[in-house]
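Dear colleague,

Please find below the structure that I promised to hand over. My notes on it follow directly after.

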Amino acid sequence: MKEVENVLRILREAKKFVEEDKPNELKSLSNQTVHAATIAQDADNVIVAVLIYSIGKVMERDHYRTMDGWKDFYDAVIKNLELAAVALEKKSIDNARIYLGRIRNSLNKIEGDLGVYVKDVFRKAEINKAFKLHEHGLSTEKTAEMLGVSLWDLASYIGQSHIGDSKVAITMPAKDRVKIAEEMFG
Amino acid sequence: MDEEGEIIRGVRGRRGLFGRWVEMKYLIFDAGPIISLTLNGMLPVIEKLKSVFDGEFILTPTVKREVVDRPMKIKKFKLEALQVQDLIARGVFKMSGDVLSNQKLDKEMKKILKAANGVLRTTERKEKISIIHDGEAECLAFANICGCENAIVIDERTTRMLTEAPQNLESMMEGKLHMPLDATLSLLDGLKKFRFIRSAELLYVAWKKDLIGVKKDKELLDALLYGVKFKGCAISSVEIEEMKRLAS
């Protein structure tokens with residue numbers, strides 16, 4: 001894990017925002033992590049970004065709180081964010097990974113719709129973060145690898161990016177590139 | 001002997017009609033264009049393009065992994081993976097290992113990765129910024145050592161920028177990362193000037209040669225180009241409009 005101090009700060013702040021019921025702050029915290037993840041190109045940072053963003057999205061949806069299993073999920077979030085932060089303070093990175101993983105695993109124990117809905121939030125968050133990482137300049141291949149998603153999943157999201165529309169992104173006049181293609185095909 | 005009078009078919013060329021030596025041409029595919037074409041239902045067009053191409057369409061091992069092996073394990077994309085696999089089985093795509101040894105390709109790929117991913121460093125902490133990955137580097141490696149006329153089909157913008165406009169790379173990445181970077185562009189000196197096209201240009205050629213199978217008009221070209229743009233091809237609207245003007 002790279003940027004351990006930064007991840008520790010993020011986890012501490014995330015726990016505080018969960019307790020204070022501030023989903024927007026959680027999502028903004030996640031964006032900071034994406035930035036760090038791009039520089040470090042470190043999967044752990046991305047996992048934290050996805051996790052924090054997902055928790056933010058889940059907390060935005062008030063009706064989830066009335067569904068069966070909400071308390072179990074909420075308690076798992078608070079408990080494991082704390083345990084992961086303590087593990088990082090002790091430089092026990094493997095344990096921190098286990099505790100962060102337990103938040104997601106807690107969804108498997110929830111019976112009924114909530115588990116399915118929240119899993120879907122996590123999956124969409126992975127794609128969302130992949131898009132952000134790509135916007136930050138990571139290649140599609142590296143982005144997919146860091147998030148464990150396929151290039152196929154990313155393709156549609158990358159197509160929504162406006163990066164290709166910037167002038168600096170045009171590295172050759174269109175007519176010259178067409179000429180290469182036409183030359184190749186005789 | 002085929003209709004072109006083929007006698008020898010090798011890596012660098014073959015005997016064509018009347019014994020004339022024809023140098024081999026290669027179109028080297030990255031994963032992105034295959035994905036964007038497949039997701040647009042344009043995979044059959046690749047086969048039609050191959051039928052009018054005097055050379056081979058090449059896939060490297062990493063690209064095959066991304067377009068066949070991995071999606072084969074994902075139910076959502078298994079059908080697409082099977083279709084691409086079928087194109088390999090029928091020889092529309094040829095594996096790079098049939099032309100060059102994987103070992104040789106791997107060695108060249110590592111050399112390219114080292115050079116390309118050492119170009120940019122953060123000014124403050126001198127951390128390297130990795131900008132290309134195995135699949136793209138394998139395509140560049142094949143192009144570098146195959147010794148034949150070739151072009152790389154790649155939708156990824158950053159890889160193209162690396163050799164076409166490396167001077168822009170630093171400012172573009174600085175803008176994205178919001179931090180100062182230092183560039184050592186001399187590291188790219190060893191890389192020859194590659195030729196890149198995208199899935200968009202492939203479709204342009206297919207459209208021009210009337211290979212799409214839909215009534216050929218400007219609306220079709222517009223739909224094709226925006227279709228790949230929204231499925232991952234890094235092409236700007238300005239470029240699309242320019243390509244439409246070229247078609248007039």
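At what angle do the axes of helix H2 (residues 23-40) of chain A and helix H6 (residues 113-135) of chain A cross? In this predicted model, the two axes come within 10 Å and cross at roughly 55°. H2(A) and H6(A) are therefore oblique to each other, and their crossing is right-handed. On the side of H2(A), the contact is made by Val34(A), Ala37(A) and Thr38(A); H6(A) contributes Lys129(A), Lys132(A) and Leu133(A). By class, three residues of this contact are nonpolar, one is polar and two are charged.

A second pair of helices in chain A also deserves mention. Helix H4 (residues 70-89) of chain A packs with helix H5 (residues 93-105) of chain A at an angle of about 170°, and their axes are 8 Å apart. An angle over 145° counts as roughly antiparallel, and H4(A) and H5(A) are therefore described in that way. From H4(A), the residues in the contact are Ala76(A), Val77(A), Asn80(A), Leu83(A), Ala84(A), Ala87(A) and Leu88(A). They meet Ile93(A), Asn95(A), Ala96(A), Tyr99(A), Leu100(A), Arg102(A) and Ile103(A) of H5(A). The contact comprises eleven nonpolar residues, two polar residues and one charged residue.

I turn now to chain B. Eleven helices and nine strands make up its secondary structure elements. Its C-alpha trace spans about 60 × 40 × 40 Å along the principal axes. For 248 residues, a compact globule would have a radius of gyration near 18 Å; the value for chain B is 19 Å, which agrees. Of these 248 residues, 43% count as buried. Among the contacts in chain B between residues at least 6 apart in sequence, 70% join residues at least 24 apart.

Finally, how many residues of chain B are in contact with chain A? There are 57, and they touch 35 residues of chain A. Several elements of chain B each supply at least two residues to this side, including strand S3 (25-29), helix H1 (31-39), helix H4 (75-89) and helix H11 (237-246). The largest share, six residues, comes from H8(B). The side of chain B that touches chain A has 26 nonpolar, twelve polar and 19 charged residues.

With kind regards

Methods. Residues are numbered from 1 along each chain as its sequence is written. Chains are lettered from A and ligands numbered from 1 in the order in which they are written. This is a predicted model: local features need pLDDT of at least 70, side-chain atom pairs count only at pLDDT 80 or more; totals for chains, interfaces and linings use all residues. Axes are lines fitted to C-alpha atoms, for helices over the stretch in contact, and angles run from 0 to 180 degrees between N-to-C directions. Helices (H or I, at least four residues) and strands (E, at least two) are DSSP runs, numbered from the N terminus. Angles under 35 degrees count as roughly parallel, over 145 as roughly antiparallel, 65 to 115 as roughly perpendicular and the rest as oblique. A crossing is left-handed if the near helix is turned anticlockwise from the far one by less than a right angle, and right-handed if clockwise. Two residues are in contact if their C-beta atoms, placed from the backbone, lie within 7 Å. Ala, Val, Leu, Ile, Met, Phe, Trp, Tyr, Cys and Pro count as nonpolar, Asp, Glu, Lys and Arg as charged, and the others, Gly among them, as polar. The radius of gyration is taken over C-alpha atoms; the globule rule is 2.2 Å times the number of residues to the power 0.38. A residue is buried if 20 or more other C-beta atoms lie within 10 Å of its own, exposed if 12 or fewer, and partly exposed in between; C-beta atoms are placed from the backbone.
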